[in-house]
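Subject: Handover of the structure and findings

Dear colleague,

Please find below the sequence and structure that I am handing over to you. My findings follow directly after them.

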Amino acid sequence: MSVTVALAGNPNCGKTTMFNDLTGNSQFVGNWPGVTVEKKEGRLRGHKDVSIMDLPGIYSLSPYSLEEVVSRNYLMNSHPDVILNLVDASNIERNLYLTTQLTEIGIPVVIALNMMDIVRKNGDVIDVKKLSQELGCQIIETSAVKNQGSMEAAEAAVRMAQSGKKTVPQHTFSDRVEKALAEIREIAGNSIPEENSRWYCVKLFERDEKLKEQISLSSDKASKIEGIIAACETELDDDSESIITNERYEYIARVIKDCVHKKRTGMTTSDRIDHIVTNRILALPIFVVVMFIVYYISITTIGDIATGFMNDTLFGEWISPAAKSFLTGIGTADWLTGLIVEGIIGGVGAVLGFVPQMLILFVMLCALEDCGYMARIAFIMDRIFRRFGLSGKSFIPMLIGSGCGVPGVMASRTIEQDRDRKMTIMTTTFIPCGAKMPIVALIAGAIFSGAWWVAPSAYFIGVAAIIISGIILKKTKMFAGEPAPFVMELPAYHVPTVKNVLRGTWERGWSFIKKAGTVILLSSIFVWFASSFGFVDGAFGMVEDIDTSILAVIGSAVAVIFAPLGFGNWQSAVATVLGLVAKEEVVGTFGTLYAVAGDALGMVEEGDFGGLSNIAQHFTYLSAYSFLIFNLLCAPCFAAIGAIKREMNNAKWTWFAIGYQCVFAYTMALMVYQFGLLFTGAGFGVGTVAALIVLIAYIWLLFRKGYDENGARLRAASAVRS
């Protein structure tokens, strides 16, 4: 007998950790039919006939967000065999709100009481047996983060499904509400199913519009039910939805009083930490210091040492010379030797050389996520973002985008308001992703001699770009309006687990490594061929001077566009354009081009990034930083552009997003370079005038009066009346 287990729970209750623990590598990820919310399914380890469906994290079954609609539709229409409800025991009162709804829908429910390790650490006691009786569900104590109890909970859910027993809700509301629900049940009759009639009655009492659309009630029945609801509202002096919410929490409070005994009522360790890290004054400086340390360690210190070994020693002194010697020894043609050593090893190796820096960065970011700090950052950034028209929810995609822009763009699905979601999609890729970090590391190491400030500044440039864009876009008619409300549970702090950190690091790093073996490989071969062949005296063939190659001719035509930004040489232009294919290819292109130019990898001193330091001949400090800014902020790689197209679901919006990103990147790089020249005494020219015009335009866009959505509506209404 095959069994389907629906894994349901609040956000940050440990559901993802438990899902990964239960399914291992047998996971299938896609989208729910008709919507862009991620769908995750897997097979229970050791049970081929048991599938686990990981529902989106939700707080209730009210249809207020896409996640709630998806979860509710799946439970009511697909009828899984059993629900495994993950409840955060350290925040049990808030989590049981969803539980009271799940037990009403007629599907067997087993509760996994998670984070029991935190409860015990706090000295609290939960009477699990009594709680089970109160809720009418079997309860298994778990600690998903420590891999304790997860399998026992899943197996208990399977046994419950196989037994055929239904979960009967034990909770009741006040007599007045119960009377109203009974009257609604009597009037609704056969219009609602018997097995979960209580859930339908409660939703009808709450005036759930989506439910009304699904069931066929005559106008007479609907009128009578409305009369019952109105009478109850008048008597209890509240709206129907608030009445049910209060009734649920009153019931939960009674259960908590009988079953949960807290040792202390004062501040927990997490509360004390939050008192500092979420402080209105200290929160932002602490965040800046934390991110500075993360990037300093991963790019400038430990990461720099590891990358120096990869580029200079592994590829520069060992692999490239050995490959060239071997190929020459067996009589390989010069062009093929050049393709393998300079094209493939030079291009792909230049990218792979930066893998250690990225892995160190991902390890640190995953550790911050796993310990609970990044959830606080979303809360902190909400206070800041709301001042500029963005919701704190916008920071979640940006956080995810630090690994890869594709899932970062996809994570914007959690934002309910369409305008906020579109603006988040447009700005998320401003945050440096893993693919952009090799560019940052290259510029920092090869041009700025490993200066400590380059890598952290790249991150905060992305944040600043998001804030500036938020201010500008929110003042337009397309994006005007209040940002989406932000509600989020803050999980208790805990020590990051090695398994979770390594899993997160591998998931983020593997996509980068995979690109190096596919897209970067093909791009490097193209770059080598186009830079090694050209027309000499009217004949096509290999060229000795790279400046006469096909790539140089094409690049020189494009380079004119970037001349006002300071990097008007064809090599930089080619690298920038190919960066649209994959951002890693910026470094891969330099690796191939400068190997072709005659400086074989490994022929330079330690610390010179395997020959890539030769790019310094085409850059000044100012033009290099301008190059960095443009490549950080311009349109992302093809894969991320594809994700933008899927999430926008509109070609015009996709082109608008790409155009905005490229124009924003170009103008920012223009101002940095031209004003930099002015301040360093290089003189006043046409480029300076252009930069001044751009600056004035940005000042006007930032400080102009924005579009007043409410005022526009009032004016429209006035026009209609007149």
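Asn 649 is exposed, with a relative accessible area of 67%; here, buried means under 20% relative accessible area, exposed over 50%, and partly exposed in between, computed with a 1.4 Å probe on protein chains only. Asn 649 is located in the loop between α29 (638–648) and α30 (651–679). Helices (H or I, at least four residues) and strands (E, at least two) are DSSP runs, numbered from the N terminus. The phi of Asn 649 is near 55°, a positive value in a residue other than glycine. Most residues other than glycine have a negative phi.

Please note that this is a predicted model, in which local features need pLDDT of at least 70 and side-chain atom pairs count only at pLDDT 80 or more, while totals for chains, interfaces and linings use all residues. Residues are numbered from 1 along each chain as its sequence is written, and side-chain values use heavy atoms, with hydrogens and water left out.

A second residue of this kind is Asn 147, which is not a glycine and yet has a positive phi of about 60°. Asn 147 belongs to the loop between β8 (138–141) and α6 (150–163), and its relative accessibility of 40% makes it partly exposed.

Overall composition

The protein chain contains 32 helices and 11 strands. Of its 722 residues, 56% count as buried. Among contacts (heavy atoms within 4.5 Å) with a separation of 6 or more, 73% are between residues 24 or more positions apart.

Strands

Strand β6 (residues 109–114) is mostly covered, as 6 of its 6 residues are buried. Val 109, Ile 111 and Leu 113 point one way from β6, whereas Val 110, Ala 112 and Asn 114 point the other way, and all are buried. Strand β5 (residues 82–88) pairs with β6 in the parallel sense over 6 bridges; two strands pair if DSSP finds at least two bridges between them. Within this pairing, Ile 83 has Val 109 in β6 as its bridge partner.

Strands β10 (residues 533–536) and β11 (residues 539–542) run antiparallel and are joined by 4 bridges. They form a hairpin with 2 residues between them, and Asp 537 in the turn has a positive phi of about 55°. Val 536 stands opposite Ala 539 in β11.

Helices

Buried residues in α7 are Arg 176, Val 177, Ala 180, Leu 181, Ile 184 and Ala 188. Seen down the axis of α7, these fall within an arc of 135°, so they line one face of the helix; the arc is that of the directions from the helix axis to the C-beta atoms. They pack against α8, α10 (219–236) and α11 (240–259). The face turned away from the buried side carries the exposed residues Asp 175 and Glu 186. Just after α7, Gly 189 takes a positive phi of about 55°.

Helix α25 (residues 550–562) has 13 residues and reaches 19 Å from its first C-alpha to its last, close to the expected 18 Å. A bend of about 35° occurs in α25 at Ser 556; the bend is the angle between axes fitted to the seven residues ending at a residue and the seven starting there. The buried residues of α25 are Leu 551, Ala 552, Gly 555, Ala 559 and Phe 562.

Salt bridges

The structure holds 20 salt bridges, each being a side-chain nitrogen of Lys or Arg within 4 Å of a carboxyl oxygen of Asp or Glu. One of them joins Arg 198 to Glu 178, with the closest N and O atoms 2.8 Å apart. This pair links distant parts of the chain, since Arg 198 is in helix α8 (residues 197–205) and Glu 178 in helix α7 (residues 175–188), 20 residues apart. Glu 178 is partly exposed, at 21% relative accessible area.

Another salt bridge connects Asp 420 and Lys 474 (3.0 Å, N to O). Asp 420 lies in helix α20 (residues 418–428) and Lys 474 in helix α22 (residues 454–474), so the pair ties together parts that are 54 residues apart in sequence. Asp 420 is buried at 1% relative accessible area, and Lys 474 is buried at 10%. Elsewhere, salt bridges that share partners join Glu 104, Glu 178, Arg 198 and Arg 248 into one network.

With kind regards

Methods. Expected span 1.5 Å × (residues − 1).
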